[in-house]
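Student: I would like to go through a protein model with you, one topic at a time. Could we begin once it is on the screen?
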Amino acid sequence: VEQSLGSDETYEILLPGRIDGMLSLERKRQRWEPTYHGAGKENRASYRYQGYDFAVLTINYPEQSQGAEMIFRGNSLFDKRRWVQDFEVDLASRDNYRLLALRGQRGGSRVIGYWYEVGGISTTSDSVAKVLDILGAFTRNTGASVVAVATNGRYEQVAEPLDEFVGSLQG
């Protein structure tokens with residue numbers, strides 16, 4: 001992923017059109033509708049790696065205001081009517097992103113890896129992202145993004161390919 005650090009109005013995280021060893025799925029789009037209030041531009045891409053389809057999403061906040069913030073209790077990476085959260089974890093070997101394991105209301109499983117980019121700094125912590133956001137207001141570096149990668153499957157099946165895929169994205 002690459003940050004576009006234009007003016008605050010144009011801040012966004014850009015997704016690569018091509019990643020070595022991965023097939024870009026230009027027409028493939030997983031049904032995935034997270035809720036992020038007040039977000040600016042969203043960028044989406046899909047890739048195939050080790051037989052799994054990975055949907056990648058960046059949700060960009062050029063500026064944040066009360067109720068239109070990246071770290072907000074009304075925001076969610078998944079539709080809570082369709083999915084139930086099994087667990088969320090920062091694993092020592094995966095400290096560059098957080099992992100959500102979901103179970104479908106009508107069957108199926110999904111795993112989402114995500115992290116925040118705030119003022120050019122990556123973090124997996126809601127608290128650290130909020131502090132960086134506040135500091136950004138003073139330094140006029142207000143751009144913030146959620147970067148998320150989702151794939152269908154159980155955690156035990158997709159953990160290793162997801163870890164490798166996220167590592168490729170984070171470079």
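Student: How many residues lie between E4 and E5 in their hairpin?
Tutor: There are 2 residues between E4 and E5 in that hairpin. Please bear in mind that this is a predicted model.

Student: What is the phi of glutamine 50?
Tutor: Glutamine 50 has a phi near 50°, which is a positive value in a residue other than glycine. Most residues other than glycine have a negative phi. Glutamine 50 sits in the loop between E4 and E5.

Student: How many bridges join E4 to E5, and do they run parallel or antiparallel?
Tutor: E4 and E5 run antiparallel and are joined by 8 bridges. As one example, serine 46 has alanine 55 in E5 as its bridge partner.

Student: Which other strand is joined to E5, and by how many bridges?
Tutor: Strand E10, residues 144–152, is joined to E5 by 7 bridges, and these two strands also run antiparallel. Here asparagine 60 has serine 145 in E10 as its bridge partner.

Student: Let us change topic to the aromatic rings. How many aromatic pairs are there?
Tutor: The count comes to 4 aromatic pairs. One of them is formed by tyrosine 47 and phenylalanine 165, with 5.7 Å centre to centre and 50° between the planes, and this pair is tilted. Tyrosine 47 belongs to strand E4 and phenylalanine 165 to helix H2 (residues 155–170), so the pair ties together parts that are 118 residues apart in sequence. Both tyrosine 47 and phenylalanine 165 are buried.

Student: Why does the pair of tyrosine 114 and tyrosine 116 count as edge-to-face?
Tutor: The planes of tyrosine 114 and tyrosine 116 stand at 75°, and the edge-to-face class requires an angle over 60 degrees, so the pair falls in that class. Their ring centres are 5.9 Å apart. Both of these tyrosines are buried.

Student: Which residues do ring pairs link into a cluster?
Tutor: The cluster consists of Tyr47, Phe54 and Phe165.

Student: What does valine 146 touch?
Tutor: Leaving out residues up to four places away in sequence, valine 146 touches Tyr36, Leu57, Thr58, Ile59, Met70, Leu77, Trp115 and Tyr116.

Student: And the largest pocket: which residues lie nearest its centre?
Tutor: Tyr36, Asn75, Ser76, Tyr114 and Asp126 lie nearest the centre, out of 16 lining residues. The elements that give two or more residues to this lining are strand E6 (83–89) and E8. The space in this pocket is about 270 Å³.

Student: Finally, how many helices and strands does the protein have?
Tutor: The protein has 2 helices and 10 strands. Buried residues make up 44% of its 171 residues.

Technical notes:
Residues numbered from 1 in each chain as written. Predicted model: local features only at pLDDT ≥ 70, side-chain atom pairs only at ≥ 80, totals over all residues. Heavy atoms only, no water. Phe/Tyr/Trp six-rings, centres within 6.5 Å; stacked < 30°, edge-to-face > 60°. Helix = DSSP H or I, 4+ residues; strand = E, 2+ residues; numbered from the N terminus. Buried < 20%, exposed > 50% of the residue type's maximum accessible area, 1.4 Å probe, protein only. Pairing = 2+ DSSP bridges. Contact = heavy atoms within 4.5 Å. 1 Å grid on protein atoms, 1.4 Å probe; cavity = no way out; pocket = protein on both sides within 12 Å on 5 of 7 lines; lining within 4 Å. Points joined across faces, edges and corners; volume = space filled by probe spheres on them.
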